[in-house]
Amino acid sequence: MERADLELVLAIRQQGSLTAAAKTLHVAPPAVTKRLAALESELKLRLFQRTTRKVSPTADGEALCEHASQLLQGFQRAEAELRERQSEPTGLIRLAGTFGFGRLWLGPAVAEFQARHPRVQVQLQLMEQLPDLAVEGYDGAVWLWNLPGHRASEWVAKRLARNQRVLVAAPAYLQRHGRPTLPAELSQHQCLVVRENGGDPSQRFDHWTLHSNPSGRTKAVQRITVSGALSSNSGELVRDWCLAGQGIMLRSRWDIAGALRDGRLEQVLPAWSMADADIHWLMPWQARTPRRVRLLIDFLRDRFQGEPWLPRA
């Protein structure tokens, strides 16, 4: 059975007439009659009932038509994708991102991607709260934290990079107040609390769940309630307080990599971290993702999966 046979049976079912089907297929009516007879002979099945008024599919013919429709759609999708691969991607990508990561890492990556694909336009909107991507017309978002549970069945999530939040302080603070040696000792220190993610009043930002980083598989967990005189919904402001020696901060590695490298910050309790802030690509589910968006996803995964903010030997 060939593709032309699939197109033939679908045309006959749709038109309800061999003559009308021939016109749709741009062939002579006798050719349709001959091809249908040959197909029924090959399959040893009666595919259509013919009357003087109408041609209608039998049960076997209807089943064949359903398979033919699916197969032809597959052919069309494959051909469209191959044509798209041969052409330069074009069009607009609307992208959402968090402020801190968006400014430091995502923005430069998007600029490089656009330079590689000059016919693609990217609108990057940085915001505090994750929008309803489908309703607000976004192609995707690069976001910290996990996919919201109520969106799990509607959105697609792809992890672009792992990320840890680690405890850090300025050398001046540690000289004045000492260095904690156990997670429980954090309750005796000035801890700088970030109240991000929209400021949900039910969320306890002063509860830090720390995981040990052992060489083996077993991990310990410590849940610590911290306190301090300073807190803010701005992570950048809390980072500035930490750099000024005001207390101990829990912050993502990507945000403080430079300060750790040059000694302005030192890691505290290096055997413990908070692994809840992985970097994800989020997008509304759709049957077919535009090529320009697929290319951006692949580019960002290649860029971030090696965690370029980590120190290199």
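Predicted model: local features only at pLDDT ≥ 70, side-chain atom pairs only at ≥ 80, totals over all residues.
1. "Buried" means under 20% relative accessible area, "exposed" means over 50%, and "partly exposed" is in between, using a 1.4 Å probe and protein chains only. You'll also meet helices (H or I, at least four residues) and strands (E, at least two), which are DSSP runs numbered from the N terminus. Residues are numbered from 1 along each chain as its sequence is written, and side-chain values use heavy atoms, with hydrogens and water left out.

2. Let's start with strand S14, residues 279–284. How many of its residues are buried? The count is 6 of 6, so S14 is mostly covered. Ile279, Trp281 and Met283 point one way, while His280, Leu282 and Pro284 point the other way, and all are buried.

3. Who sits beside S14? Two strands pair if DSSP finds at least two bridges between them. Strand S5 (residues 140–144) runs antiparallel to S14 and is joined to it by 4 bridges. Strand S6 (residues 155–161) is also antiparallel to S14, with 6 bridges. Trp281 of S14 has Val142 opposite it, and Lys158 stands opposite Trp281 too. His280 in S14 is the bridge partner of Arg159. As background, strands of a sheet pair through backbone hydrogen bonds, either parallel or antiparallel.

4. Now step back to the sheet around S14. It is an open sheet of 5 strands in the order S4-S3-S5-S14-S6, with mixed pairing. Strand S4 (120–127) and S6 are the edge strands, each pairing on one side only. From one strand to the next, the twist averages 25 degrees; for angles like this, axes are lines fitted to C-alpha atoms (for helices over the stretch in contact), and the angles run from 0 to 180 degrees between N-to-C directions.

5. Have a look at Ile297, which is found in helix H9. Is Ile297 buried or exposed? At 4% relative accessibility, Ile297 counts as buried. Contact means heavy atoms within 4.5 Å, and Ile297 touches Lys158, Leu160, Trp281 and Met283, leaving aside residues up to four places away in sequence. By contrast, the C-alpha atoms of Ile297 and Pro57 are separated by 45 Å, and these two residues are 240 apart along the chain.

6. There is another open sheet, this one of 7 strands, in the order S10-S9-S13-S7-S12-S8-S11, again with mixed pairing. Strand S10 (221–225) and strand S11 (231–232) are at the edges with a single partner strand each, so one side of each has no neighbour in the sheet. S11 pairs in the parallel sense with strand S8 (residues 191–194) over 2 bridges, and Ser231 in S11 is the bridge partner of Val193.

7. Helices pack on that sheet. Helix H7 (residues 235–243) touches strand S7 (165–169), S8, S11 and strand S12 (248–252), and its direction makes about 170 degrees with that of S8. Helix H8 (residues 253–261) lies across S7, S12 and strand S13 (266–274), at about 120 degrees to S12.

8. On to the rings. Rings of Phe, Tyr and Trp (its six-membered ring) pair if their centres lie within 6.5 Å; planes under 30 degrees apart count as stacked, over 60 as edge-to-face and the rest as tilted. By this rule there are 6 aromatic pairs. Why is the pair of Phe101 and Phe304 edge-to-face? Their ring centres are 5.2 Å apart and their planes are at 65 degrees, so the pair falls in that class. Phe101 lies in helix H5 (residues 99–116) and Phe304 in helix H9 (residues 291–304), so the pair ties together parts that are 203 residues apart in sequence. Phe101 is buried at 1% relative accessible area, and Phe304 counts as buried at 1% as well.

9. Phe101 also pairs with Trp309: the centres are 5.9 Å apart and the planes are at 85 degrees, so this pair is edge-to-face. Trp309 lies in the segment after H9, 208 residues away from Phe101, and at 2% relative accessibility Trp309 counts as buried. Ring pairs link Phe101, Trp105, Trp254, Phe304 and Trp309 into a cluster.
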